[in-house]
Amino acid sequence: PGFAPPPSSTGIGPSSYPPATGAPRPPTMPGPPLPGQTVAGPPASQPNHVSSPPPPSAMSGPHPAPPVSGLHGPPPPTHPPQPGYQMQQNGSFGQVRGPQPNYGGAYPGTPNYGSQPGPPPPPKRLDPDSIPSPIQVIEDDRSNRGSEPFVTGVRGQVPPLVTTNFLVRDQGNASPRYIRCTSYNIPCTSDMAKQSQVPLAAVIKPLATLPPEETLPYLVDHGESGPVRCNRCKAYMCPFMQFIEGGRRFQCCFCSCVTEVPPHYFQHLDHTGKRVDFYDRPELSLGSYEFLATVDYCKNNKFPSPPAFIFMIDVSYNAVKSGLVRLICEELKSLLDYLPREGNMEESAIRVGFVTYNKVLHFYNVKSSLAQPQMMVVSDVADMFVPLLDGFLVNVNESRTVIASLLDQIPEMFADTRETETVFAPVIQAGLEALKAAECAGKLFIFHTSLPIAEAPGKLKNRDDKKLINTDKEKTLFQPQTSFYNNLAKDCVAQGCCVDLFLFPNQYLDVATLGVVTHQTGGSIYKYAYFQLETDQDRFLNDLRRDVQKEVGFDAVMRVRTSTGIRATDFFGAFYMSNTTDVEMAGLDCDKTITVEFKHDDKLSEDSGALLQCALLYTSCAGQRRLRIHNLSLNCCTQLADLYRNCETDTLINYLAKYAYRGVLSSPVKTVRDALINQCAQILACYRKNCASPSSAGQLILPECMKLLPVYLNCVLKSDVLQPGLEVTTDDRAYIRQLVTSMDVAETNVFFYPRLLPLTKADVDSDSLPAAIRNSEERLSKGDIYLLENGLNIFVWVGVNVQQGLIQNLFGVSSFSQISNALSTLPVLENPFSKKVRSIIDMLQVQRSRYMKLIIVKQEDKLEMLFKHFLVEDKSLSGGASYVDFLCHMHKEIRQLLS
Amino acid sequence: MATYLEFIQQNEERDGVRFSWNVWPSSRLEATRMVVPLACLLTPLKERLDLPPVQYEPVLCSRPTCKAVLNPLCQVDYRAKLWACNFCFQRNQFPPAYAGISEVNQPAELMPQFSTIEYIVQRGPQTPLIFLYVIDTCLEEEDLQALKESLQMSLSLLPADALVGLITFGRMVQVHELSCEGISKSYVFRGTKDLTAKQIQDMLGLSKPAAPIQQGRPLQAPEQPVISSRFLQPVHTIDMNLTDLLGELQRDPWPVTQGKRPLRSTGVALSIAVGLLEGTFPNTGARIMLFTGGPPTQGPGMVVGDELKTPIRSWHDIEKDNARFMKKATKHYETLANRTAANGHCIDIYACALDQTGLLEMKCCANLTGGHMVMGDSFNTSLFKQTFQRVFNKGFNGEFRMAFGASLDVKTSRELKIAGAIGPCVSLNAKGPCVSENELGIGGTSQWKICSLDPSTTLAIYFEVVNQHNAPVPQGGRGAVQFVTQYQHSSTQKRIRVTTIARNWADAQSQLQHIEAAFDQEAAAVLMARLGVYRAESEEGPDVLRWLDRQLIRLCQKFGQYNKDDPNSFRLSESFSLYPQFMFHLRRSPFLQVFNNSPDESSYYRHHFARQDLTQSLIMIQPILYAYSFHGPPEPVLLDSSSILPDRILLMDTFFQIVIYLGETIAQWQKAGYQDMPEYENFKHLLQAPLDDAQEILQTRFPMPRYIHTEHGGSQARFLLSKVNPSQTHNNLYAWGQESGAPILTDDVSLQVFMDHLKKLAVSSAS
């Protein structure tokens, strides 16, 4: 790992910039003048010898005992002996003063560079194998921490990585499945925090799904007076509350206020000061639990009614013609039996309603007493209202036959439609009004196909303009084109009306604007561009099924309380905030994540540490009002080294990506990218300056916990939002921007650094996945088949030289050329290889919250461009730097900061 | 004098016309001195079984400003094949078809017995009749059920090719699409939002040439108008569908909280109905039939708020200017009514509720379009059921007693001008030489539109004599009037009925007795009453009464025979003898007295008064009273308290009510059960006789009267007691003795007092 190329002073010609056109090498690798060009160092001569013993130079690094290890204490046994990566300065770093030609703006390289088969073995100046490998880090963590359960009893423990499978035992702190922090050791003072520039953030997924082995939060009922809370800061009873005076009072762990214990809650303390009933009460012994809310916690002081689902289907020409309407109706018939229900209930309490629309809205009366459904057309879209009260929202079982009849007839009724125009805002308004009338919260499932250009409130125009990219006006592409939807969203949140949006565009439909309500109500957007029944049906139906079935809470308010000294200051995610502390979500499902940033407003103490309490008030799918509480205790430090030793890069990236993605709304993309680079450089520079033992300035030394920060950060910078690929549409960018905003750490991890699995290396006899490899084209072999997944897509890449037998086994065709890249699924073939690959794909699909689109990519085929876009360690076509180049750049930035 | 009565009767039977004066004063000055204006009651479509329509076009005078129709009064030059218009004296060529004309070969329109003639003409495409039901669903379950049954029944009464449509309303307004299979489909509108006709048509998808749903089928030839829209379908194709739809109608599902009225969007529902027809079938016969069970409580046209604690406006509120929604609502319905009239459609209002339903505000919808107005307590009463059924009654010739889209064109000789008309019509603003500047009723025009009419619909038309005093009695000595009524017959044929009448001129100074003798006091009473009622709609009640009194006094002064200042000497000739009595009862009638009537009731009474024919109008002014006793056959008796005797059964017909009143003794007998004893069978017959007679009236009258069976001392006896002349009251009880008649507890003056006072004023030299 250590890397110290021989000092060279001969870097002359190669830095010539701009490179001469036609020159075979320099234009393709216009990086800084590279030591490799001296063709001298042993690493360069053996670039691919991953398994070869570390280059002597690494051993001969100036500090064989790595600088960080001293601060860390003994390194974990399996860790590589050198946690710090040192890159010796070479003359070129110092020489280049101007902008890095290979970094930043548009990349001037020849466009077909990426499709050149296999990079010509360039004279290496930096061995890719010697720079920190995400794969290695993931593998190491897996083998170190995957076997033991993670017990949450200890304050400030860094959990295993999200890529590691581990069990959690709740012993007083919330599971990392609910909360992950950027650092588990918080600087005591704001000066320290500022110095380090490490953002203090928690990524919270309040309703996360737990593996079956782990227990769901217990439900606690404190009776009529409601949950026991601190009198001053209103924190909920939790394991960190200190009982005093023989148990008659308790002192708040957040604000230190002393509160009387209500008589019905009184319990004696044992000799250690613990309550005798400590183990009987989840709120005293566990990190996560739920309280049953009393009527005081309900809107209008009334217990809520069970929520409702309203399905709102676009029946304009496009939707009907593509077969979408029929598909949805068919699916709903069976899907309605799988509405979410409370664990022990026989049937779901959720009521359903149906609306179809084009330029006008059609409501349906599906009251159980009717022989036939009734359709009610509302064409006054300017002033939307719900034309019926009784019979719109019904119990599925009671109205089963009427609903079935309706779903049968909808595709027929609109089979001959010529209406191409649609409305959108009135559709949401209609759903909102319906929920208002029924006095309940709920969710709208809107299936929409086109830009709403029909005359109605919220009418949009096509304002897509590729020319705006890389200008100061680029941000407007991410902003809604009218504030109408913001106001609508506010109304929706007030009613607890969550909007899930399924989009089927054939052209620009302005996701940035249409998604506003969805985003602010805590809903999800699904987008199926150029929807075709044959290829996209599975994906859509799987998404729909999951979306309808998944656990969801309604009318939710989340507040994060912290120990005095820090304060939640900023929030990222799909929600609405009417004040600075309460995160309001009309709906919150098990996949939605909120990232919260903390700032110091005072000092923390090392003794008491820092506590977080996240309280989520929500209505369950059966209409029960509940509070879900997650508690987490963190350490505090006065030494920066402690901070750097307890960070989590994946979480950090999650925060940074969300922060940057929000930034594009208000700043030019370039500014956002520069700010990101700058912040990371500062983080690393601070480490270098304060924690690493003195070493040559030319050495790049990274903290062990953050050694992947550069590679991951580069992925964020190259992502479609911050640096769009050529084929990426404005809608795609807006879509991705919104998706990422609600992602949890595991999702951002794989989204930014996709998982690349060599399928041909898979062991067909075991359940395990083949070992992942790094996302670089040079890791691919022509004779193998690879799978790449990023949470949205699965690519199966087939090399040109793959054995015919494998092709036959996997695709059922005899030769490479016969493989169709129009396949959306792999054929079901009875052979071990096919079975194994399909099981791998199935396994991956299950892990993700969305069904991934399967794309078959043949080497040297046109689609390969798309695939290469995800080989994130390589230089990207749109100008993104390669990992190596970026690392060099980062190093330069750090050095500048240090000098 | 019998001759004049015969003449009047004959004319009425043949032409459906009754003039106040049948000999006309020849100058303007004299005419004004006659007090009662020269006017007529015209029943344009009076049923004439002996009048077969002719199947050709009428021949018109060629002068563009005249265009009178060839009639028996025209002078014809058979040799030259020329005819002279009797109104403008234009000489006209007969059309080629009349080439064979001669003294012995005359076309019907020249024969004197065809002073009224009906032509069937071919004009434009024939469109079927349209019936658009507009149904209030904010009803009690029982009411709604009854209404639904009535409506379902009515489908079988409609002409088979008629188009029907259905709009229901409550808090929302639903326009039902009738053409769809399986799923029932309706367009829903907010009940609070006033929409323009354009918006309504856009929202119903009527703006496009063809509805998108129908585009899949081969398109019809573009020049042929689409005969139906999705909302209006031939009854024979969808009657099953519609029967089911009506059967499934539910009460308005929106909750009505305690202390609130249901939200009823009548204003918007009507507006949509009007807009729908306007967009699809302008200028064809169509009825919008509004069935409502309460006042409009929201949106445009709301009459009262939904708070039950604020009651609906009363006359008292209106006088105090306390009816806050009235003006706005009235304006809304007036706009609608005028639009409807412009489109040639009509609006019926069937309002059944115990409280008021806003007829005051909505009355113009029926009044201006010739629609029916029916008021009842509940849809579940025979009053409503029978009345509604009678809308679809057929005449003797098997044709529906309804006609549509009529325009009435009146032409006069030069000595006459037209002052106006009062009836269920609107002005067509046809100015012309024969239009007077003085307006009586709806004036300033010689043409009116009557969107819907039936054989009894009667208009009052007022004329003005313009001949100057010194000019000679006009040439020929006769004045003529022609009424040309073009209308759509219930068979959808276009027809033109032409009535031409002439009356003699007389010099009022030398021939006053002729004029006097030719006075039609019945017609005059009705014509004056119409004027009075018309004024009462816009003026204060007492002003109208004063005006009527003044007119009566002036008439008595003019035509009475008396010695100055000697009331006892006052005499009126037979042709005037009943007139003061009519006026006495008119003054007390609900048309002019609002006391004890709600504004809705007043509107309802006035509505019917302004359209019924002379006989019915007279009954309304002065109800008919029959007596049944053992003393002889049933006989008409004076409408007087003295007629109320213990051993009599009285049958009173006020047009709106049929009251059977058992005298004290009769009632006691009935209670004792004598009618069930075989030996008193004659008593049973006596009891039965008025019932049978009442049934006969009930059978024929539209709207069905309220049937009241009461007895001496019964609470419902008030209906009788309030109508009879209070000749005995608690004030003069002892003077008259208790034997004859029943005293009425009232401070109203009796006819006797009225007449005494009248005589005094008439003979007074002071006035």
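How many residues does the contact take from chain A, and how many from chain B?

1. The contact takes 26 residues from chain A and 22 residues from chain B, where contact means heavy atoms within 4.5 Å. The model is a predicted one, in which local features need pLDDT of at least 70 and side-chain atom pairs count only at pLDDT 80 or more, while totals for chains, interfaces and linings use all residues. Residues are numbered from 1 along each chain as its sequence is written, chains are lettered from A and ligands numbered from 1 in the order in which they are written, and side-chain values use heavy atoms, with hydrogens and water left out.

2. The size of an interface is often given as the accessible area lost when the parts come together. Between them, chain A and chain B bury about 2,000 Å², with 57% of it on carbon and sulfur atoms; buried area here is the accessible area (1.4 Å probe) that two parts lose on being put together, summed over both. On the side of chain A, the residues that lose the most area to chain B are A:Met375, A:Val377 and A:Phe385, which together make up 24% of what that side buries.

3. Across this interface of chain A and chain B the rule finds three salt bridges, a salt bridge being a side-chain nitrogen of Lys or Arg within 4 Å of a carboxyl oxygen of Asp or Glu. A:Asp383 and B:Arg190 meet in a salt bridge through their side chains, at 3.3 Å from N to O. Nine residue pairs, both residues at pLDDT 80 or more, are in polar contact across the interface of chain A and chain B; a polar contact is a pair of N or O atoms within 3.5 Å, and within protein one must be able to donate a hydrogen and the other to accept it, with residues adjacent in sequence counting only if both atoms are side-chain atoms.

4. Which elements of chain A supply at least two residues each of the side that touches chain B? They are strand S14 (374-378) and helix H10 (400-413) of chain A, and the largest share, five residues, comes from S14(A). Helices (H or I, at least four residues) and strands (E, at least two) are DSSP runs, numbered from the N terminus. S14(A) pairs with strand S11 (residues 184-190) of chain B in the parallel sense over five bridges, and in S11(B) the bridge partner of A:Gln374 is B:Ser184; two strands pair if DSSP finds at least two bridges between them.

5. Within chain B, the domain assignment gives domain 1 (4-53 + 113-122 + 402-513), domain 2 (130-205 + 228-391) and domain 3 (623-724), with bounds that come from an automatic or database domain assignment. The C-alpha centres of domain 2 of chain B and domain 3 of chain B lie 38 Å apart, and nine residues of domain 2 of chain B are in contact with nine residues of domain 3 of chain B. The area buried between domain 2 of chain B and domain 3 of chain B is about 720 Å², and B:Leu383, B:Thr387 and B:Arg390 supply 64% of the area that domain 2 of chain B buries there.

6. Across the interface of domain 2 of chain B and domain 3 of chain B the rule finds one salt bridge. The side chains of B:Arg706 and B:Asp377 meet in a salt bridge at 3.5 Å, N to O.
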